[in-house]
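Work through the exercises below with the sequence and the coordinates at hand. Each task is followed by a solution in steps.

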Amino acid sequence: MNKPQKRSEIERSGDSGESCVQQRRKKKEKSTPVSFHFPHYLIQQVNISTSVFVSHGKSSLVCIFYFGWSKRMSYNNPNTGSGSRTGRLEFGRTHVVRPKGTHQATIVWLHGLGDKGSSWSQLLETLPLPNIKWICPTAPSRPVALFGGFPCTAWFEMGDISEDAPDDMEGLDASAAHVANLLSTEPADIKLGVGGFSMGAATALYSATCRVLGQYGNGNPYPVNLSAIVGLSGWLPCSRTLRNQMERSREASRHAASLPILLCHGTGDDVVAHIHGEKSAQTLSAAGFRNLMFRTYNGLGHYTIPEETDELCTWLTASLGLEGSRSY
């Protein structure tokens, strides 16, 4: 069977700088493995195992993604956090997957650390969601403390995933604003959402908190009305202060109660541990996000599988009221 023709296209572009991931495609008759190559200096510092397998099924492609780094590189950097970077960072290319049917919703999907938008656009265009337009941007390349300061595509700075780690508010605000800007030009009758994997999921959840609070962390107003949030194998930034912020605003509590959120996490995830996803769901629920679903996948590592993407499709169809939706 020949590989389906790709529908994604690059509509916006920017100078992404040098990424730590270089993609090479190899075509075979019945399967298409996609490999990612890392610079030698990064491989020396970080144990990264990356693989994507795309094999043809009866009605769709089956994809497995794995992005991992060595736990020995997880440390707290005293310079990590807001204001730790200098200079202006440029976002990379944005890939768009156009809807095959009637356009009813637009979702910005955010990749994980070290990846780029094109990787996920290839998967998203195979999903049976003909009414959704997918926008897949690429994060800026920046020095990342987790990788010893080597440059890598990242939505914000990070040195560790823990409740005690400082939050890079400047980076989070910049990425959330970039997402909102991508959605701001969509037609008024189109439902909007944000989703992501790993660090992309963290950025999506931060966007959700900005939406319900009505502002970014720096106090500037958040301009977009979001109708769905998805986080795969991620975590919630700024979890320590969320509940107090929510308690100060009755309007924020009202928005939080009605915003649909789907969180999925595997028990075998050795990159972003399952406990981080579980605690994030508990924090969001305690803060008033009542329309939240948390799914656990036994043995699943830091990648996605057909069972999870099937769950995603069913949930989005019902939550966004897409054509052909059924009660979830």
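Predicted model: local features only at pLDDT ≥ 70, side-chain atom pairs only at ≥ 80, totals over all residues.

**Exercise 1.** Determine how helix H4 (residues 199-213) and helix H6 (residues 250-258) are oriented to each other, and which residues meet.

Solution. Step one is the axes: those of H4 and H6 come within 7 Å and cross at roughly 130°. Step two is the class of the angle. Step three is the contact: on the H4 side Arg211, Val212 and Leu213 take part, and they meet Ala252, His255 and Ala256 of H6. Sorted by class, this contact has 4 nonpolar, 1 polar and 1 charged residues.

**Exercise 2.** Locate Ser198, give its phi, and decide whether Ser198 is buried or exposed.

Solution. Begin with the location: Ser198 belongs to the loop between strand S11 (191-197) and H4. Next, its phi is near 60°, which is a positive value in a residue other than glycine. Last, buried means under 20% relative accessible area. Ser198 has 2% relative accessibility and so counts as buried.

**Exercise 3.** Do likewise for Ser233: where does Ser233 lie, what is its phi, and is it buried or exposed?

Solution. Ser233 sits in the loop between strand S12 (228-232) and helix H5 (239-247). Its phi is near 55°, a positive value in a non-glycine residue. The relative accessible area of Ser233 is 0%, so Ser233 is buried.

Notes
Residues numbered from 1 in each chain as written. Heavy atoms only, no water. Axes fitted to C-alpha atoms, helices over the stretch in contact; angles between N-to-C directions. Helix = DSSP H or I, 4+ residues; strand = E, 2+ residues; numbered from the N terminus. Contact = heavy atoms within 4.5 Å. Nonpolar A, V, L, I, M, F, W, Y, C, P; charged D, E, K, R; others polar. Buried < 20%, exposed > 50% of the residue type's maximum accessible area, 1.4 Å probe, protein only.
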